[in-house]
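Okay, thanks for coming, everyone. Let me put the model up and then we'll walk through a couple of spots.

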Amino acid sequence: MTEDEAVDDELLTIGAFAARARLSAKALRLYDRLGLLPPAHVDEVSGYRYYRVGQVERARLVALLRQLDMPLARVAEVVEAPDGAAAADRLTAYWADVEARVAGQRTLAEYLRGRLSGRSSEMYGKFVVETVDVPEQVVISEARHILAGELPTWIGASLDRLEQGARECGGSTAAPFVVYHSEVSMESDGPAESCVPVADEAAARAWAEKQGRARETKVRVEPAQRLAYARITKAQVAHPQILAAFEAVEEWIAREGLEQAGPCREVYFADWDAAGAEDPVCDVAFPVR
């Protein structure tokens, strides 16, 4: 054994190790429970924890990652990476998520400043509101109680499943849409309902019967109705821009002396993956009378 290896194997008490690692003893106990930084030795009689000097570098890495507000599960992914390059890639992925979240919060703050300062009408003026008459439709649908953070992924996955199902139901007859039966936010979980209009009601009911209740799949008939809607771009679908679009439609409905006649919805009429940020992809709409 070399001198360096001997130093690395030297055992330190939890207090001495905490001082070298710049971590508290409480944090070390937590990281031990999570398997992030188990002690090298635990005395069977006293229960005292001992760490090797060679564990200091890992402990300091954990401490630095936590300074980035990285959740412990993501810290584990980084420190357990097979090599430095993989660890760096995992850190890069985490930081990209952070920057996306901060960008969304920055946009939300600007939106709220507009509301609080009385500039709402200025924001609403960005949206053109029109009406369209929609005939009665048979739809296959999938409902779920869901929070806002999970919504984009679920919408894409559920509409993909329904559009595949539509092939067994005579094919789809109109653009898919998502209905919000109650508020979906970070605190309220809806439910939301993804819908695809189909041609054959009998085939649709047979298809839904095969699906069982696992995804709350069903068939229903949407009545003929008039929708008040604003067309938005792919960039505007992001939260909170989409909130301003919904509020613009609500304001227009009230100004025109109309009444909301059902839950709000998003109608997706374009190829999402192929669309650019400024391409129109979605109508935000309310049934009106």
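So, at what angle do the axes of helix H4 and helix H5 cross? Roughly 140°, with the axes of H4 (residues 56-67) and H5 (residues 72-79) coming within 10 Å. Axes here are lines fitted to C-alpha atoms, for helices over the stretch in contact, and angles run from 0 to 180 degrees between N-to-C directions. Helices are DSSP runs of H or I with at least four residues, strands are E runs of at least two, and both are numbered from the N terminus.

That angle makes H4 oblique to H5, oblique being whatever is left after under 35 degrees (roughly parallel), over 145 (roughly antiparallel) and 65 to 115 (roughly perpendicular).

Before I go on: this is a predicted model, where local features need pLDDT of at least 70, side-chain atom pairs count only at pLDDT 80 or more, and totals for chains, interfaces and linings use all residues. Residues are numbered from 1 along each chain as its sequence is written, and side-chain values use heavy atoms, with hydrogens and water left out.

Who touches whom? On the H4 side we have Arg 58, Leu 61, Val 62, Leu 65 and Arg 66, and they meet Leu 72, Val 75, Val 78 and Val 79 of H5, contact meaning heavy atoms within 4.5 Å.

Now over to Gly 262, in the loop between helix H10 (241-255) and strand E10 (265-268). Gly 262 touches Phe 286 and Pro 287, leaving aside residues up to four places away in sequence. Val 179 is 83 residues from Gly 262 in sequence, yet their C-alpha atoms are 9.5 Å apart.
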